[in-house]
Amino acid sequence: MAKAESIQAQAAQLATRTADALRLGWLLLGASLLLDWAAWRGDTSAANVVIVLIAIAGGAGVFWYGARALFDARVFRQWARHWHDGADVMQTLIDFDARVGRAKPRSADVLTELAGRRAGALGLLRRQALCLLVQLLATAWALWP
């Protein structure tokens with residue numbers, strides 16, 4: 001019984017930390033909107049418009065990955081609440097998978113399964129940051145005198 005409680009506590013802590021990290025998506029999204037605004041203030045020549053469109057495409061990526069990361073943040077936050085309240089970790093993951101039409105968990109070890117999901121969610125945040133970098137570079141190029 002103590003081992004199951006320990007796993008629940010570890011899973012809840014991992015889920016909480018993941019949800020907190022994924023909330024950075026809001027900050028990246030705000031920076032992206034600021035860059036979109038800045039990109040449009042530059043030169044309107046044909047070459048510059050292409051660069052601005054690249055910046056906007058980067059912004060679209062920031063939005064897409066940000067929306068996914070923020071959705072995942074809510075999911076991880078909900079899981080943490082359930083696990084703090086004593087819900088079974090693996091059953092929670094199985095129920096979630098059934099609701100979203102995903103195959104059953106790949107790993108029999110709960111913490112390994114959760115670590116894989118955490119890595120996937122944090123990967124969304126990394127891809128969002130990469131899109132923001134593309135947007136930042138294109139915006140800087142568009143505004144360069």
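## Largest pocket

The largest pocket holds about 340 Å³ of space. A pocket here is an open set of points on a 1 Å grid over the protein atoms alone, where a 1.4 Å probe fits, with protein on both sides within 12 Å along at least five of seven lines. Grid points are joined across faces, edges and corners, and the volume is the space filled by probe spheres set on the points. The model is predicted: local features need pLDDT of at least 70, side-chain atom pairs count only at pLDDT 80 or more, and totals for chains, interfaces and linings use all residues. Residues are numbered from 1 along each chain as its sequence is written, and side-chain values use heavy atoms, without hydrogens and water.

## Lining of the largest pocket

Lining residues are those with an atom within 4 Å of a point. The largest pocket has 18 of them, and D72, R102, R117, G120 and A121 lie nearest its centre. Two or more lining residues come from each of α3 (46-84), α4 (89-100) and α5 (110-143); helices are DSSP runs of H or I with at least four residues, numbered from the N terminus. α5 gives the most, with eight residues.

By class, this lining has eight nonpolar, three polar and seven charged residues. Ala, Val, Leu, Ile, Met, Phe, Trp, Tyr, Cys and Pro count as nonpolar, Asp, Glu, Lys and Arg as charged, and the others, Gly among them, as polar.

## Second largest pocket

About 160 Å³ of space lies in the second largest pocket. V75, Q78, W79, H82, T92, D95, F96, R99 and V100 line this pocket. Both α3 and α4 supply at least two lining residues, and α4 has the largest share, five residues. The classes are four nonpolar, three polar and two charged residues.
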